[in-house]
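Thanks, everyone. Let's go through this one quickly, with the cut-offs stated as we go.

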Amino acid sequence: MSVKILDKNTIIKQKSDGFTPLIIGDPATIFSARAERLRALAKDSFMADYLLLAGQIVQQQALLAEDFAQPVTNFASENALTWPLSLDQAWFPILEAMLAQLTTSLRLVASDDIVKVIDSLQDLDCDTLHHYFTALQHNQPERVPADLAILLWACINTFTSLLVKTTALEWQPEPNVKQHFCPLCGGAPVASLIKGSGHRYLHCSQCETEWHRLRAECTQCADGENIHLQSETLEDAVRAETCGHCNSYLKILFLEKQPNLDPIADDLATLVLDQKLNQNELYRNGFNPFFLPLIQ
């Protein structure tokens, strides 16, 4: 992959207007805001139960982000990291500890169906569990049962977002390289965000990093001739950017219209838009873990 990951001590300084091609957020803040957004979206949604379940999981991620910040910082200082990140055996003890805390907490508040999923997870042997963790981190969710995947993904998502937060890294795009996957962890984008500045960023589904991409071009194939925005109305803050060249689409969130939008939550809550696009033989080129039980 042709990307440059640079230490802040050597990074070429970006433009003086404050623009930066890479934004690394605070995991605890992101997960807390996402859980709140999911609960708010559930109030008027036909899929309220599922949005509330997602909110329960994400709320537990916020607690994991606080409790595991120091262990992940220690891990980052003790291990040689390469970019994009790749899961190896050194990660597993922390992921397993996160999963134990997550499932213990969820068991107290979740429905009987989720308790059965938790029981299934606890029946897995170590080799299978590690296989599932690795498959998810390598963008291969089809190798993992969907109901298990959303809980395993919550741990990977929390770990990688904490890990990139601990690093003093910035990113400088290579000329003429169109970056579809996250330059830090290799994860797929969940959606595009249009910031108040007018710049477009792709939001990583795995480590919550955002990286700059030019607007009005397909984030998958880079075609700029067959791009359209589709939604119920022109006023919608969540739309789909469709590409007639590769027949894919990615949701695009206009934060200038609604600042509290969240890429995971609002992508999930606009499932009806996906159904209409799928009927027109357009497929998602992004990844949202909470879609897995809905599509597998």
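**Cysteines, a helix pair and one annotated span**

Start with Cys246: this residue is buried, at a relative accessible area of 17%. Buried here is under 20% relative accessible area, exposed is over 50%, and partly exposed lies in between, with a 1.4 Å probe and protein chains only. Cys182 is buried too, at 0%.

Some ground rules. This is a predicted model, where local features need pLDDT of at least 70, side-chain atom pairs count only at pLDDT 80 or more, and totals for chains, interfaces and linings use all residues. Residues are numbered from 1 along each chain as its sequence is written, and side-chain values use heavy atoms, leaving out hydrogens and water.

Cys246 is in no disulfide; its nearest cysteine sulfur, in Cys218, sits 3.7 Å away. For Cys182, the closest is Cys207 at 3.6 Å, too far for a bond.

Next, helices, meaning DSSP runs of H or I, at least four residues, numbered from the N terminus. α1 (residues 27-42) packs on α7 (residues 146-166) at about 140°, axes 9 Å apart. Axes are lines fitted to C-alpha atoms over the stretch in contact, and angles run from 0 to 180 degrees between N-to-C directions. So α1 is oblique to α7: under 35 degrees is roughly parallel, over 145 roughly antiparallel, 65 to 115 roughly perpendicular, and the rest oblique.

In contact (heavy atoms within 4.5 Å), Pro27, Phe31 and Arg34 of α1 meet α7 residues including Leu162 and Lys165.

Terms used
A disulfide is a pair of cysteine sulfur atoms within 2.5 Å. Helices (H or I, at least four residues) and strands (E, at least two) are DSSP runs, numbered from the N terminus.
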